[in-house]
Amino acid sequence: GVLYCTVLSLCAAQNQGYSTAPGWPTQQTGLDRSPVYSMATTASTSGGQSQVLPLELIDKCIGSRIWIVMKGDKELVGTLRGFDDYVNMVLEDVTEYEITPEGRRVTKLDQILLNGNNIAILVPGGQPPYEDG
């Protein structure tokens with residue numbers, strides 16, 4: 001309900017130059033959306049409200065900053081450039097935070113391909129409370 005609408009609005013506002021229409025902009029993600037999958041994204045719940053699917057939410061965040069909390073001791077903040085159905089992601093202008101016994105290690109990376117297997121939480125438009133800026 002309200003959380004999804006807020007997150008979608010936040011991503012749409014940050015998503016300069018990208019379509020926020022209900023359709024799937026395949027030229028931006030490079031993904032091939034099958035007709036079956038596209039029909040599923042417009043499904044309604046029993047209350048008559050439209051359902052927001054996870055991949056649809058992520059798709060609306062292309063071009064926006066995203067905070068990713070990984071399983072384990074890593075977090076990343078970067079600009080989402082693309083993803084696939086397994087939530088593998090291409091991120092640019094990435095800051096990686098790793099908690100070590102010595103403290104927090106910060107690494108800056110230009111571009112990465114992140115395996116979606118170990119993602120625990122995605123926070124569109126978010127950043128860790130300890131990030132500068």
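The model is a predicted one, and every value given here is computed from it. Its largest nonpolar core has 17 residues, while a search of the whole structure for aromatic pairs finds 1.

**The nonpolar core**

- Among the 17 residues of the largest nonpolar core, those with the most contacts inside it are Ile68, Leu80, Met89, Leu91 and Leu114.
- At least two residues of this core come from each of α4 (54–59), β1 (65–70), β2 (74–83), β3 (89–100) and β4 (103–114).
- In soluble globular proteins, nonpolar side chains tend to be buried together.
- When its neighbours within four places in sequence are left aside, Ile68 is in contact with Lys74, Glu75, Leu76, Met89, Leu91, Leu114, Ile119, Ile121 and Leu122.

**Strand β1 and its partners**

- Strand β1 is mostly covered, since 5 of its 6 residues are buried.
- With β2, strand β1 pairs in the antiparallel sense over 5 bridges, and in this pairing Ile66 stands opposite Gly78 of β2.
- The two strands β1 and β2 form a hairpin with 3 residues between them, and Gly72 in the turn has a positive phi of about 100 degrees.
- Strand β1 also pairs with β5 (residues 119–124), again in the antiparallel sense and over 5 bridges, and here Trp67 stands opposite Val123 of β5.

**Leu76 in strand β2**

- Leu76, which is found in strand β2, has a relative accessibility of 3% and therefore counts as buried.
- Apart from neighbours within four places in sequence, the residues in contact with Leu76 include Ile66, Trp67, Ile68 and Met70, as well as Val94, Thr95, Glu96, Ile112 and Leu114.
- Although Leu76 and Tyr97 are 21 residues apart in sequence, their C-alpha atoms are 6.1 Å apart in space.

**The aromatic pair**

- The 1 aromatic pair found in the whole structure is formed by Tyr97 and Tyr130, whose ring centres are 5.2 Å apart and whose planes stand at 75 degrees, so the pair is edge-to-face.
- Because Tyr97 lies in strand β3 and Tyr130 in the segment after β5, the pair ties together parts that are 33 residues apart in sequence.
- Tyr97 is buried, with a relative accessible area of 6%, whereas Tyr130, at 27% relative accessibility, counts as partly exposed.
- The ring of Tyr130 also has the charged end of Arg104 sitting over it, 4.2 Å from the ring centre.

Conventions
Residues numbered from 1 in each chain as written. Predicted model: local features only at pLDDT ≥ 70, side-chain atom pairs only at ≥ 80, totals over all residues. Heavy atoms only, no water. Core = buried A, V, L, I, M, F, W, Y, C linked by side-chain atoms within 4.5 Å. Buried < 20%, exposed > 50% of the residue type's maximum accessible area, 1.4 Å probe, protein only. Helix = DSSP H or I, 4+ residues; strand = E, 2+ residues; numbered from the N terminus. Contact = heavy atoms within 4.5 Å. Pairing = 2+ DSSP bridges. Phe/Tyr/Trp six-rings, centres within 6.5 Å; stacked < 30°, edge-to-face > 60°. Lys NZ or Arg CZ within 6 Å of the ring centre and 35° of its normal.
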